[in-house]
Every structure is written in structure tokens, then in C-alpha cells.
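Student: I would like to go through some of the labels used for this structure. Please set each one against its definition.

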Amino acid sequence: KGKQMKNQKMINLPFIETVSRSFMYTLCNWELFLKTASLGLIVVVLEMFSGFPILCSLSSTACADPNSLMARLSALLVLLISVAVIVNYCRAIILKAPVDFFSCVFVRRVLFYILATLLLALAIILPFILLVLFYGVILATIGSNIEPGAVSYLVFWIALIAWCVFLAPVFLVFAAITVDDKSMTVKEAFRLSRGNFNKIFWGQTVLMIPGAVAIFLLSLIYQAMAVESYAVKFIFMVMVLG
């Protein structure tokens, strides 16, 4: 047992190297980017003939009805294509597999990935919904009219981030779904990630920052221009999809 314990050394994930390699892989693999981006042509065509509902993400006045059928269909297609791109990137990185969008097994991977995302979101949100309800019941029981203050909100966000850090190893299961690795259970993900929960969470956060900043800047520029030109809308739509 002593030898087994020594062999099962804690893996030390190199944070900076992992994040930098992730960025460089995306920036340098233009062939993979172009192949995966080609699927976005479906959304481009739909957007052109439905009034660019995707631009609702940049401005509330960018489309006439953000709840219309076309707007919802566009959002659904963007979701499916985004997951499809993620699946292909993961398979290219882990298995050097060619791009695949239309096989039955690929559709299954995408659906499982979306299902896992929904379950993770539920695991993050549900405890805090129950906590807020419990807090409301306590206040109602004692007849207090105390409104939550800044400290309460700060504690809430700290607790939420801490809970997300704890659940960070689940991201390994997402990667396993893309390569059909059924051995990577949630329990196994936690075992392999021991000592690296913070690195996984903050690494994922850092990787999302450029996209979030880009969308924020595009939103500011789009609203500042306030142009109704079809060509301008087309350009912004392509940039959002990119």
C-alpha cells in the first residue's frame, strides 16, 4: 500500500503553461478554425434572411422582437454550433481526429455535452436557490423586514465562486464526453484533479475573458454607431459569430 501511495502522486497542473498553450493552439491552428467555422455559414444564411436576431446580444434595439421564433431558432443554432466546435477542438487536441459534424456518433456527443452542461448549471444554481428560499423563510418566520446588504451580497458571491471552484474537476468529464471516454466519471475527475481545483477553475475563467471582452467592445461600438445599414449589420454579425 505504501508503494501504491507513492506511485499515486498528486498531479501539479502548470497553470500559466496550460493557459498559454490553449491560447496559442487556437491562434495557430487556422486550418482547424476555418473547418469548424464553416458550419457557421448555416447561421449566417439564417441571420441574413431573418433580420439579424443575433445582434440582440449587442443591443436591445437591434431587432424588432428578441422573443420571435427566428430569434430563438438563431440562438439554438448558435448554441449547437458552439458545442459542435468545442467537441471538434477537443477531439483534435486529444486524438488528432479530423473534423466531423454530421455523423450519428458526433450528434450523440453534442447532445451529451449539452446535457452535461445543463446538469452542471443545475448543480451550481440549485443549492443557492434553496439557500435564498431558506433565507426568505427564516426572515418571514421571525417577521423581519431586513433587506440584504452589501455584506450579504459579497458573502453570496464568495460562496458561489468557492462552490464553482469545488465543482471545477467536472470539466474533465466534458473533455471525456468529446472523446467517448466512459471511464472518466465525476469521481475519477475529482481524484485526478486533487490539488488543482483552483487552477482548473481560474484557467477556464481566463480563457473566457477575451471572448467576453470582445463581445463587450462590439456592443459598445455597435450602440455608439447606431447605424441601420445592412452591410454594417452583416459585418457585426460575422464578428459576433467569430
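Student: Why is the contact of Arg 191 and Glu 188 called a salt bridge?
Tutor: In this predicted model, their side chains meet with N to O at 2.7 Å. The cut-off is within 4 Å, so the label applies.

Student: Where do Arg 191 and Glu 188 lie in relation to each other?
Tutor: Both are in helix H9, three residues apart, and therefore separated by about one helical turn.

Student: What makes Arg 191 partly exposed?
Tutor: Its relative accessible area is 46%. Buried means under 20% and exposed over 50%, so Arg 191 falls in between. Glu 188, at 25%, is also partly exposed by that rule.

Student: How do you know that Asp 180 and Arg 91 form a salt bridge?
Tutor: The N to O distance is 3.9 Å, and the limit is 4 Å, so the pair counts.

Student: What does the pair of Asp 180 and Arg 91 tie together?
Tutor: Asp 180 lies in the loop between helix H8 and helix H9, and Arg 91 in helix H5, so the pair ties together parts that are 89 residues apart in sequence.

Student: Which residues are linked with Arg 91 in a network of salt bridges?
Tutor: Arg 108, Arg 109 and Asp 180 are linked with Arg 91 in that network.

Conventions. Residues are numbered from 1 along each chain as its sequence is written. This is a predicted model: local features need pLDDT of at least 70, side-chain atom pairs count only at pLDDT 80 or more; totals for chains, interfaces and linings use all residues. Side-chain values use heavy atoms; hydrogens and water are left out. Helices (H or I, at least four residues) and strands (E, at least two) are DSSP runs, numbered from the N terminus. Buried means under 20% relative accessible area, exposed over 50%, partly exposed in between (1.4 Å probe, protein chains only).
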